[in-house]
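Here are my comments on this model, written so that you can follow them with the sequence and the structure side by side. Please take the points in order, finding each part in the structure before moving on.

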Amino acid sequence: MRIYAHPRVKEESYFAVRHSLRWIKKENGKHFITDGPFMYRTKDDELMMIWSTIADGKYCQCIAKSDNGEIDGNFVHLPPMITDDGGHGMIFKSRGKFMLTFHSPNKTGSERPRFEEIIDNGQNLIFKKR
């Protein structure tokens, strides 16, 4: 993933999908993608990044944690949040609840927003059990 801070600032690469997640298999003729990065700092001051990619032909929402709590740390990948064709998420707080909004399915013209409550346990972001 490349981050551009300013047009005159050198780009920085933080990780590449092909090296990050061994469970992502690239289909012949296809390329790896990193899409929709969103940074979030947990209640324990951990720096998390949610981002999306395609795995097994479906959009998925991945999550990674900086090993030093800063943008220049090594991002350690945690189990994906969503693997059933949803992604491009963002986190917000509403009425005291943390929410993850994302679109699903990843099919042009069929995308719809979904809103799921999540829990910030300080070390990870997890879906609230229903």
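1. Strand β9, which covers residues 112-120, is joined to β10 by three bridges, and the two strands run antiparallel. Within this pairing, Ile 118 stands opposite Phe 127 in β10. Please keep in mind throughout that the model is a predicted one.

2. These two strands belong to an open sheet of four strands, whose order is β7-β8-β9-β10 and whose pairing is antiparallel. The edges of this sheet are formed by β7 (87-94) and β10 (125-127), each of which pairs on one side only. From one strand to the next, the twist in this sheet averages 40°.

3. Which residue forms a salt bridge with Glu 117? The partner is Lys 128, and the closest N and O atoms of the pair are 3.8 Å apart. Because Lys 128 lies in the segment after β10 whereas Glu 117 lies in strand β9, the pair ties together parts that are 11 residues apart in sequence. Both ends are partly exposed, since the relative accessible area is 42% for Lys 128 and 21% for Glu 117; the second value deserves a careful look, because buried would mean under 20%.

4. A further salt bridge links Glu 116 with Arg 114, with 3.2 Å between the closest N and O atoms. Is Glu 116 buried or exposed? Glu 116 counts as buried because its relative accessibility is 12%, whereas Arg 114, at 30%, counts as partly exposed. As background, side chains of opposite charge can pair when their charged atoms come close.

5. There is another open sheet of four strands to examine, with the order β3-β4-β5-β6 and antiparallel pairing. Its edge strands are β3 (35-41) and β6 (75-82), each pairing on one side only, and the twist from one strand to the next averages 30°. Strand β4, made of residues 47-55, pairs with β3 in the antiparallel sense over five bridges, and Met 39 has Met 49 in β4 as its bridge partner.

6. How many salt bridges does the structure hold? It holds three, and one of them brings together the side chains of Asp 45 and Arg 41, with an N to O distance of 3.6 Å. Arg 41 counts as partly exposed because its relative accessibility is 35%.

Notes: Residues numbered from 1 in each chain as written. Predicted model: local features only at pLDDT ≥ 70, side-chain atom pairs only at ≥ 80, totals over all residues. Heavy atoms only, no water. Pairing = 2+ DSSP bridges. Axes fitted to C-alpha atoms, helices over the stretch in contact; angles between N-to-C directions. Salt bridge = Lys/Arg side-chain N within 4 Å of Asp/Glu carboxyl O. Buried < 20%, exposed > 50% of the residue type's maximum accessible area, 1.4 Å probe, protein only.
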